[in-house]
Amino acid sequence: MPGGWHAAARQPSTLGSMTDFLVKRDDLRECRVVASEPPEIEAGRALLRVDTFGLTANNVTYAVFGEAMSYWDFFPAPDGWGRVPMWGFAEVERSEVYNVEPGTRLFGYLPSASHLVVTPTAAGEGGFVDGSPHKAALPSAYHRYLATAADRFYRPDTETVQMLLRPLFFTSFLIDDQIADEGLTRRGPIVVSSASSKTAIAAAFQLARREEVELVGLTSPGNVEFVERLGIYDRALAYDDVGSLERGPATFVDFAGDGAVRLAVHSHYGDRLLHSMLVGMTHWEELQAGAGELPGPAPAFFFAPDRVAKRAGDWGRASLEQRVAAAWHPFCEWVGSWLEPIRGEGFEAMRDAYLDVLEGRVEPARAHVLTLP
Ligand SMILES: NC(=O)c1ccc[n+]([C@@H]2O[C@H](COP(=O)([O-])OP(=O)(O)OC[C@H]3O[C@@H](n4cnc5c(N)ncnc54)[C@H](OP(=O)(O)O)[C@@H]3O)[C@@H](O)[C@H]2O)c1
């Protein structure tokens, strides 16, 4: 069957039973659904029912870097398999924790599964932090579960855009902030690869609001027209046309992670390249392409949690969140005017959506949103 899909013989849907969507760690095209008994919820723990989440290339990157960046460690799975992390909404189904009430709706980092057991700490009306011991060494940006009722980002009518874009937007906010902070916005074009990806679009949306910024979007030939139509890039070019750019100082923000594209951009600008920021790996099968020495500066990996820690230190966590929330609402409104969700329900729809995203078959103006029964 396509994608090495295995449906488990038993797919329980009764309250309290658990279902997992698992991906083979060393062959991301192989996936299966597994049913299991619900866990006992001991004192200090709560059971979340995963309701709905977005699925974009970002989730595939979590799987591609599951081992190298410990993304598999958030939601441990049987040997050799992984639960792909998702961003979305869940509800507290059972709780043995003071201040964590059943029925509370939460936004956070969720497994590709029907349920998640958490160990809430610092619980209050804003939500809680999952203090599960296996997460202690993992970046804290992924530990918070925010109660929608007290969340300044939340609006019931924009849940879909929130699931799909909120975590990506946070990254994009930080990218825009860092590029401006380093004085790169007025020193030649900012060249963005995978310009049609949501995270790139969110970064470009914010950069485009700054004075004198010139934005060049690099994309696949089939997505050039879409990137042009967005109206936030000054120019849209297919990957093969890098050579037509004027040589001069420039900044490269790389969402594709494609070795051949990176080599082409670095070779074109050489030492005139001011900064090369590696953000994403949408072209996950081309990471090793483009062998050869890379001219210009060494690419610097952009890891959002590190920049969050820096700005939380500079401004305070509350001020950082206020700034992101203020920038979020206009973006959310704009994206909501053109982004078309592809809605699916259940684990079979999840399998189809996952394979579509993995193979790059989703049109850039669309995005998968899954709801679990
Ligand atoms: N470092 C961080 O902290 C951080 C945080 C958030 C996101 N990111 C990264 O940013 C990237 C974008 O994520 P997203 O969720 O915004 O992506 P997305 O909107 O789902 O990206 C879709 C675009 O990616 C390209 N693409 C996707 N799958 C492909 C495939 N199999 N083969 C070739 N091209 C493919 C295509 O763009 P083109 O035709 O334009 O190439 C496509 O239009 C991800 O790699 C994500 O991990 C990094």
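Biologist: How many aromatic pairs does the structure hold?
Modeller: Rings of Phe, Tyr and Trp (its six-membered ring) pair if their centres lie within 6.5 Å, with planes under 30 degrees apart called stacked, over 60 edge-to-face and the rest tilted. Counted this way, the number of aromatic pairs in the structure is 26.

Biologist: A note for my notebook: this is a predicted model, where local features need pLDDT of at least 70, side-chain atom pairs count only at pLDDT 80 or more, and totals for chains, interfaces and linings use all residues. Residues are numbered from 1 along each chain as its sequence is written, and side-chain values use heavy atoms, leaving out hydrogens and water. Now, what kind of pair do Phe-21 and Tyr-354 make?
Modeller: The ring centres of Phe-21 and Tyr-354 are 5.5 Å apart. Their planes stand at 70 degrees, so the pair is edge-to-face.

Biologist: How many residues apart in sequence are the parts that this pair ties together?
Modeller: Elements are DSSP runs numbered from the N terminus (helices: H or I, at least four residues; strands: E, at least two). Phe-21 sits in strand S2 (residues 18-24) and Tyr-354 in helix H8, so the pair links parts whose distance in sequence is 333 residues.

Biologist: How far is an oxygen atom of the ligand from an N or O atom in the side chain of Thr-56?
Modeller: A polar contact is a pair of N or O atoms within 3.5 Å. For the side chain of Thr-56, the distance is 2.5 Å.

Biologist: How much space lies in the largest cavity?
Modeller: A cavity is a set of points on a 1 Å grid where a 1.4 Å probe fits but cannot get out; a pocket is an open set with protein on both sides within 12 Å along at least five of seven lines, and lining residues have an atom within 4 Å of a point. The count gives one cavity of 30 Å³ or more. Its lining includes Gly-54, Trp-87 and Met-163, and the space in the largest cavity is about 50 Å³.

Biologist: Which element supplies the largest share of that lining?
Modeller: Strand S4 (46-55), H1 and H2 each supply at least two residues of the lining of the largest cavity. The largest share is four residues, and these come from H2.

Biologist: Which element gives the most to the lining of the second largest pocket?
Modeller: The second largest pocket has a volume of about 300 Å³. Its lining has 17 residues, and among those closest to its centre are Pro-76, Arg-83 and His-134. Two or more lining residues come from each of S2 and strand S8 (115-118). With four residues, the element that gives the most is S8.

Terms used:
A polar contact is a pair of N or O atoms within 3.5 Å; within protein, one must be able to donate a hydrogen and the other to accept it, and residues adjacent in sequence count only if both atoms are side-chain atoms. Grid points are joined across faces, edges and corners, and a volume is the space filled by probe spheres set on the points.
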